[in-house]
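I opened this notebook to record what I looked up in the model, entry by entry.

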Amino acid sequence: MTEEKSGVDPRLLEILVCPLTKEPLEYDAQAQELISRKARLAFPIRDGIPIMLADEARQLDD
Amino acid sequence: MPKPDTAAQFSRQAEAYARSATHASDADLDIIADFAAPGPEDHCLDIACGPGHTAFRVARTAGLVVAADIAPGMLATTRRLAAERGLDNVVVQFADAGALPFPAASFDLVTCRIAAHHFPDVPAFVSEVARVLKPAGRFVIEDSMAPDDPAQAAFLDELERRRDATHALSLSRGQWLKVLNDAGLRITDEKIFAKTHDFPDWVRRMGLNDGQVEAIESWAISVPATTRQALLDVEGTAILRLRDNKLILRAERPS
């Protein structure tokens, strides 16, 4: 349980894509974010659950 | 496109929904399971999973079930209940029904039980379902069905909205067939069944207080009897029961 709460289920990481571009995502385990380069968004992972919503994502400026 | 108030409302109501007799009852889940026929190799997606009733039913025979919702409270409840039941083939995921974070052709089965009437854009949702389904993949949808009579449909929508501001719109059977057809899905089975709700339980599940319930009752009793009597059982100034119809459709993505 604790492991599941601190990290994303690997079965999800395999299939998740950006909800906007439908392109694959990069997993940043340190920052607990899923990054969509094309959409320039970083989706937060909270309590082990990626929040795949543009409104909740951090804008990437680089 | 998701409405944050919907997420907040359902996060608050997650435990009430998990306990609710209406939501856990098996009659419609049996039909959904029969239509869906999940197999051991099937990857399944349950959209707007709530506290997981449909996902858990599908998980009995499915390979993997992704239970998706926009209410973190519902996802937490679903994850806890799945763990308690030893269902390790259920994973929870935050997802907006109108912009699914999954690749094209990634699921054998998509289910959505009594939730689409909350969605702001049902055609966008169905088009996303058609996209993520594999060829020959199945979509089983259950929702409150709007009556064909426009006055009754308007009354029922208004009643739902007064009870729960996150209610958007219920579609009639004809509207559902059109939306599914427009998304390129082929309808293979359907079932309509009548549902009777204990009105006090139904209306209070959304956390309304006595004053709010009384306001809804006096409004509902004031509408023309021909409209009201088709849907409500009233005794004096109290509404005892609400009767509506649920529509369950099974559709396939052409292979």
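**Salt bridges**

I found A:Lys22, B:Glu128 and B:Arg131 linked in a network of salt bridges, a salt bridge being a side-chain nitrogen of Lys or Arg within 4 Å of a carboxyl oxygen of Asp or Glu. The model is predicted, so local features need pLDDT of at least 70 and side-chain atom pairs count only at pLDDT 80 or more, whereas totals for chains, interfaces and linings use all residues. Residues are numbered from 1 along each chain as its sequence is written, chains are lettered from A and ligands numbered from 1 in the order in which they are written, and side-chain values use heavy atoms, with hydrogens and water left out.

I then looked up individual pairs.

In chain A, the side chains of A:Arg37 and A:Glu26 form a salt bridge at 3.1 Å, N to O. This pair links distant parts of the chain, 11 residues apart: A:Arg37 lies in the loop between β2 (33-36) and β3 (41-46), and A:Glu26 in strand β1 (residues 26-28). Helices (H or I, at least four residues) and strands (E, at least two) are DSSP runs, numbered from the N terminus. A:Arg37 is partly exposed at 47% relative accessible area, and A:Glu26 is partly exposed at 38%. I use buried for under 20% relative accessible area, exposed for over 50%, and partly exposed for values in between (1.4 Å probe, protein chains only).

B:Lys246 is buried at 3% relative accessibility, and B:Asp244 is buried at 5%.

B:Glu158 and B:Arg161 also form a salt bridge, at 3.5 Å, N to O. They are separated by about one helical turn because they stand 3 residues apart in helix α8 (residues 150-163) of chain B.

**Strand β5 of chain B**

I checked how far β5(B) (residues 133-145) is covered and found 10 of its 13 residues buried. β5(B) pairs in the parallel sense with β4(B) (residues 107-113) over 6 bridges; pairing requires at least two DSSP bridges between two strands. With β8(B) (residues 238-252), β5(B) runs antiparallel over 8 bridges. There B:Ile141 has B:Leu249 in β8(B) as its bridge partner.

**Chain A totals**

I read the order of elements in chain A as α-α-β-β-β-β-β. Of its 62 residues, 45% count as buried.
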